[in-house]
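Have a look at the sequence and the fold before reading on.

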Amino acid sequence: MCTREGTVDVLVTWLPVEEPDLTVGPVLFTDPRVLAVATDHELATRPIASIEMLADFLHTDAPLAPGYWADGFIPPHTPRGHRIVRGPRVTHMEELLALVSVGEVVNSLPAHSARYWNRPDIAWLPFHDFEALTYALVWCTEAETDAVRALGPLHLGRPLWNP
């Protein structure tokens with residue numbers, strides 16, 4: 001039984017989504033990841049980031065997110081087994097970027113973040129070895145309507161949007 005608030009009919013979010021009361025619809029797009037760091041951070045002058053770098057610095061955490069979902073965004077360990085530490089919990093992007101800008105954390109984010117939250121106090125480093133995030137439509141299964149089902153055929157095997 002879906003006990004969600006019902007304030008959103010369809011959500012675009014990154015995968016995985018494994019909640020039994022939610023339906024994952026068509027994949028819309030993938031977005032490469034970037035590492036957000038303060039412009040005076042020791043990593044800011046590097047041309048690219050590596051997932052292994054994540055183990056050397058503190059990252060933000062999201063409250064109330066299912067563990068598997070948070071791990072899909074920032075895994076608990078690097079491929080070589082080094083622990084990636086999550087620190088301060090943030091509830092919105094401006095809070096996250098404030099912590100990044102003062103050097104308290106670095107944070108992996110989707111590349112579109114650099115365009116929509118471009119700031120002079122943050123450098124954005126592309127990852128060369130961190131898989132892109134995949135985004136899909138998600139909705140409450142029991143609240144599915146004809147209008148929601150109609151979104152599925154729009155996909156037609158290609159991205160609907162290019163971030």
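Which helices and strands each supply at least two residues of the lining of the largest pocket? They are β1, β4 (59-61), α1, α2 (93-101), β6 (107-110), α3 (112-116) and β8 (133-140), with helices (H or I, at least four residues) and strands (E, at least two) taken as DSSP runs numbered from the N terminus. The model is predicted, so local features need pLDDT of at least 70 and side-chain atom pairs 80 or more, while totals for chains, interfaces and linings use all residues. Residues are numbered from 1 along each chain as its sequence is written, and side-chain values use heavy atoms, leaving out hydrogens and water.

The lining residues split into 30 nonpolar, ten polar and seven charged; here Ala, Val, Leu, Ile, Met, Phe, Trp, Tyr, Cys and Pro are nonpolar, Asp, Glu, Lys and Arg charged, and the others, Gly among them, polar.

Now for the rings: the whole structure holds four aromatic pairs (Phe, Tyr or six-membered Trp rings with centres within 6.5 Å; planes under 30 degrees apart are stacked, over 60 edge-to-face, the rest tilted). Trp14 and Trp69 are stacked, at 4.2 Å centre to centre and 5° between the planes. Phe127 and Phe130 pair edge-to-face instead, at 5.1 Å and 85°. Trp14 and Trp69 also share one aromatic cluster with Phe73.
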